[in-house]
Amino acid sequence: MSGDVVDLAQARIDRSPHGSGPAMCLGCGHEWVAVVPIGVVGFACPACHLDKGVMKGLYSSDRYDWTCACGNILYRISEKRLYCILCGKEPDLS
Ligand SMILES: [Zn+2]
Ligand SMILES: [Zn+2]
């Protein structure tokens with residue numbers, strides 16, 4: 001029974017239209033474990049009730065995901081550039 005924890009968790013996520021994981025609010029900084037439909041990127045914060053909740057790790061696929069110097073892993077991509085949604089810094093991927 002050892003060594004199957006990650007595989008079982010992944011199988012459960014694949015079957016479900018929902019995912020759960022650590023979330024945080026970009027408004028008030030509250031952190032909690034959220035359960036949201038896959039693909040939803042903004043949802044209500046239970047502390048301040050604004051739709052500023054985002055997943056901290058649900059969609060990060062592996063250890064190669066980029067993390068901003070401010071600690072954020074969530075980026076926006078525009079026509080011109082890619083930037084951290086918390087501090088605005090562009091990642092140095094070179
Ligand atoms: Zn909040
Ligand atoms: Zn940042």
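Helices here are DSSP runs of H or I with at least four residues, strands are DSSP runs of E with at least two, and both are numbered from the N terminus.

**Figure 1. The whole chain, element by element.** Welcome to the overview; please keep in mind that this is a predicted model. The chain holds one helix and five strands. Read from the N terminus, the order of these elements is α-β-β-β-β-β. The chain has 94 residues, and 10% of them count as buried. Looking at contacts between residues at least 6 apart in sequence, 21% link residues at least 24 apart.

**Figure 2. A close-up of the open sheet E2-E1-E3.** Here three strands come together in an open sheet, in the order E2-E1-E3, with antiparallel pairing. E2 and E3 are the edge strands, each with a single partner, so one side of each has no neighbour in the sheet. From one strand to the next, the twist averages 45 degrees.

**Figure 3. The hairpin of E1 and E2.** Strand E1 covers residues 18-25 and strand E2 covers residues 31-37; seven bridges pair them in the antiparallel sense. Within this pairing, Met 24 sits opposite Glu 31 of E2. Five residues lie between the two strands of the hairpin, and Gly 29 has a positive phi there, near 85 degrees.

**Figure 4. Where E1 meets E3.** Turn now to strand E3, residues 53-55, which runs antiparallel to E1 and is joined to E1 by three bridges. Cys 25 has Gly 53 as its bridge partner in E3.

**Figure 5. The largest nonpolar core.** Seven residues make up this core: Ala 23, Met 24, Cys 25, Ala 34, Cys 45, Val 54 and Met 55. E1 and E3 each contribute at least two residues to this core. The most comes from E1, which gives three residues. In soluble globular proteins, nonpolar side chains tend to be buried together.

**Figure 6. The surroundings of Cys 25.** Which residues touch Cys 25, once neighbours within four places in sequence are left aside? The contacts are His 30, Cys 45, Ala 47, Cys 48, Lys 52 and Gly 53.

**Figure 7. His 49 and its positive phi.** This view takes in the loop between E2 and E3, where His 49 lies. Most residues other than glycine have a negative phi. His 49 has a positive one, near 65 degrees. Is His 49 buried or exposed? His 49 is exposed, because 12 other C-beta atoms lie within 10 Å, and a residue with 12 or fewer counts as exposed.

**Figure 8. Gly 71 and Leu 86.** Gly 71 is found in the loop between E3 and strand E4, residues 75-77. Gly 71 counts as exposed because it has 10 C-beta neighbours inside 10 Å. Leu 86 is 15 residues from Gly 71 along the chain, and their C-alpha atoms are 9.1 Å apart.

Conventions:
Residues numbered from 1 in each chain as written. Chains lettered and ligands numbered in written order. Predicted model: local features only at pLDDT ≥ 70, side-chain atom pairs only at ≥ 80, totals over all residues. Pairing = 2+ DSSP bridges. Axes fitted to C-alpha atoms, helices over the stretch in contact; angles between N-to-C directions. Core = buried A, V, L, I, M, F, W, Y, C linked by C-beta atoms within 7 Å. Buried ≥ 20, exposed ≤ 12 C-beta atoms within 10 Å, placed from the backbone. Contact = placed C-beta atoms within 7 Å.
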